[in-house]
Amino acid sequence: MSDPEHNAAPGGTHQGRRSDTTSEADNLTTESIAETHGYGAAVDHYRRRGWQGILPITASGKKYPPPTKFTGHTAPWPSGANIAEWQDQYAENNVALRVPENVIGIDVDAYDTKNGAATLAHAENLWGPLTPTIMSTSRDDGVSAIRLYRLPTDQRARRSVINFGPGLGDIEIVRTGHRYAMVWPSIHPDTGTQYQWRNPDWTVRDTIPTVADLTELPAGWIDPMCHGDDATLGAVDITAAVRGLTTGPVNGRVQDRLDTALRDLLGGTGSRHDTTLGHVMALLRLSEQGETGVVAALEQLRAVYTHTVQDRLTSDEAADEFNRMVTNDRAHQMIAATPTITLHDM
């Protein structure tokens, strides 16, 4: 397999080419957009457009995990040899894009019960309008997408989320050391729809963007995204969420779940966030079932989680990220709507 530009620095000179100077191979017809599937077929399209952090999702049909040791602040960028190996091993799998340091992704979720639209409106009232830009999304609601922006040369993104407190969340930040963007031609595991690159007016693009194609992040957003941290928007208050959970010593089924959570978290496989979120939701369910010690178990799990993710978050950021799992409105609503049925109830 040819190895174009594998030594180019992410976000460097190769990414300066604009779409109006692309080669014929870089342009994707409507038919090829629909017919291209999987990492193996797509990765060279991205490399020709200057992107270096093109990662496969190693579980078929999923959004995680990426290859180990290729995400986070200190992770290396994949080499041509890495990519060639992944093309063979994960040819049909989904595609994730780890962005370079001069790019930030603002990932707005505004579907189902998610509050991203309201959060975005509140943020724009504070920091000014978020100029339309190129986006990656599998949805067509006109709001839910990862909006990708160029950063000024002297700026680097620091924030992980945009969260102003209860009812205003569901916006996460994609940056070099935190998360990645799911991109074309990936298929969303829940909806079965294909991710598309979309123009600022939401029309579907027939060309993968370069960094130079992205809109520069508006000036009013630079300080909160690059100089602030998540705590400046208000640390997540979990007091109300914890108030209804069971106290006492950790034992029985709660201890078993905590042991499994810690083993999975420290095992280093899969997404640490998503794996831990699943265990937090299970602990919330155990509290609903009357099992004691859930508050203490969550405190232990938070401490380990905070330590484990320090490759991408500060301690305060990690603690707030964990707290958002505990205060997850959807989890509490789901548990309240589907109370456990016991023999006594039947």
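## Overall composition

Buried residues account for 51% of the 346 residues in the protein chain. The model is a predicted one. The protein chain holds 11 helices and 10 strands. Of its contacts with a separation of 6 or more, 77% are between residues 24 or more positions apart.

## Nonpolar cores

- In soluble globular proteins, nonpolar side chains tend to be buried together.
- The largest nonpolar core comprises 31 residues, and those with the most contacts inside it are Tyr 46, Trp 51, Ile 54 and Trp 197.
- At least two residues of this core come from each of α2 (38-48), β1 (54-56), α3 (80-89), β2 (95-97), β5 (145-150) and β8 (181-183).
- Helix α2 makes the greatest contribution to this core, with 4 residues.
- Another core, of 25 residues, lies apart from this one; Ala 241, Leu 284, Ala 297 and Phe 322 are among its members.

- The buried residues of α3 are Gly 80, Ile 83, Trp 86 and Gln 87.
- Viewed down the axis of α3, these buried residues fall within an arc of 125°, so they line one face of the helix.
- The face of α3 turned away from its buried side carries the exposed residues Ala 81 and Asp 88.
- Both α2 and β1 are included in what covers the buried residues of α3.
- The axes of α2 and α3 are 9 Å apart, and the two helices pack at an angle of about 150°.
- Because angles over 145 degrees count as roughly antiparallel, α2 is roughly antiparallel to α3.
- The crossing in which α2 passes α3 is left-handed.
- On the α2 side, the contact is made by Tyr 39, Gly 40, Val 43, Asp 44 and Arg 47. On the α3 side, Gly 80, Ile 83, Trp 86 and Gln 87 make the contact, and these four are also the buried residues of α3.

## Ile 83 within α3

- Ile 83 lies in helix α3 and is buried, with a relative accessible area of 0%.
- Beyond residues up to four places away in sequence, Ile 83 touches Tyr 39, Val 43, Arg 47, Gln 52 and Pro 78. Tyr 39, Val 43 and Arg 47 are among the α2 residues that form the contact with α3.
- Ile 83 and Tyr 39 are 44 residues apart in sequence, while their C-alpha to C-alpha distance in space is 9.6 Å.

## Helix α5

- Trp 221, Ile 222, Pro 224, Met 225 and Cys 226 are buried in helix α5 (residues 219-227).
- The elements covering the buried residues of α5 include β3 (103-108), α4 (116-127), β6 (161-162) and β7 (171-174).

- Helix α7 (residues 252-267) packs with α8 at an angle of about 175°, their axes being 10 Å apart. This angle makes α7 roughly antiparallel to α8.
- In this pair, Arg 253, Val 254, Arg 257, Thr 260, Ala 261, Asp 264 and Leu 265 of α7 meet Arg 272, Thr 275, Thr 276, His 279, Ala 282, Leu 283 and Leu 286 of α8.
- Helix α8 (residues 272-288) also packs with helix α9 (residues 294-308), at an angle of about 175° and with the axes 10 Å apart. Accordingly, α8 is roughly antiparallel to α9.
- Here Arg 272, His 273, Thr 276, Val 280, Leu 283, Leu 286 and Ser 287 of α8 meet Val 294, Ala 297, Leu 298, Leu 301, Tyr 305 and Thr 308 of α9.

## Two loop residues

- Lys 69 lies in the loop between β1 and α3 and is exposed, with a relative accessible area of 71%.
- Not counting residues up to four places away in sequence, Lys 69 touches Ala 75 and Pro 76.
- Ser 138 lies in the loop between β4 (135-137) and β5 and is buried, with a relative accessible area of 12%.
- Leaving aside residues up to four places away in sequence, Ser 138 touches His 188, Thr 193, Gln 194 and Tyr 195.

Terms used:
Residues numbered from 1 in each chain as written. Predicted model: local features only at pLDDT ≥ 70, side-chain atom pairs only at ≥ 80, totals over all residues. Heavy atoms only, no water. Core = buried A, V, L, I, M, F, W, Y, C linked by side-chain atoms within 4.5 Å. Buried < 20%, exposed > 50% of the residue type's maximum accessible area, 1.4 Å probe, protein only. Arc of directions from axis to C-beta. Contact = heavy atoms within 4.5 Å. Axes fitted to C-alpha atoms, helices over the stretch in contact; angles between N-to-C directions. Parallel < 35°, antiparallel > 145°, perpendicular 65-115°, else oblique. Left-handed = near helix turned anticlockwise from the far one by under 90°.
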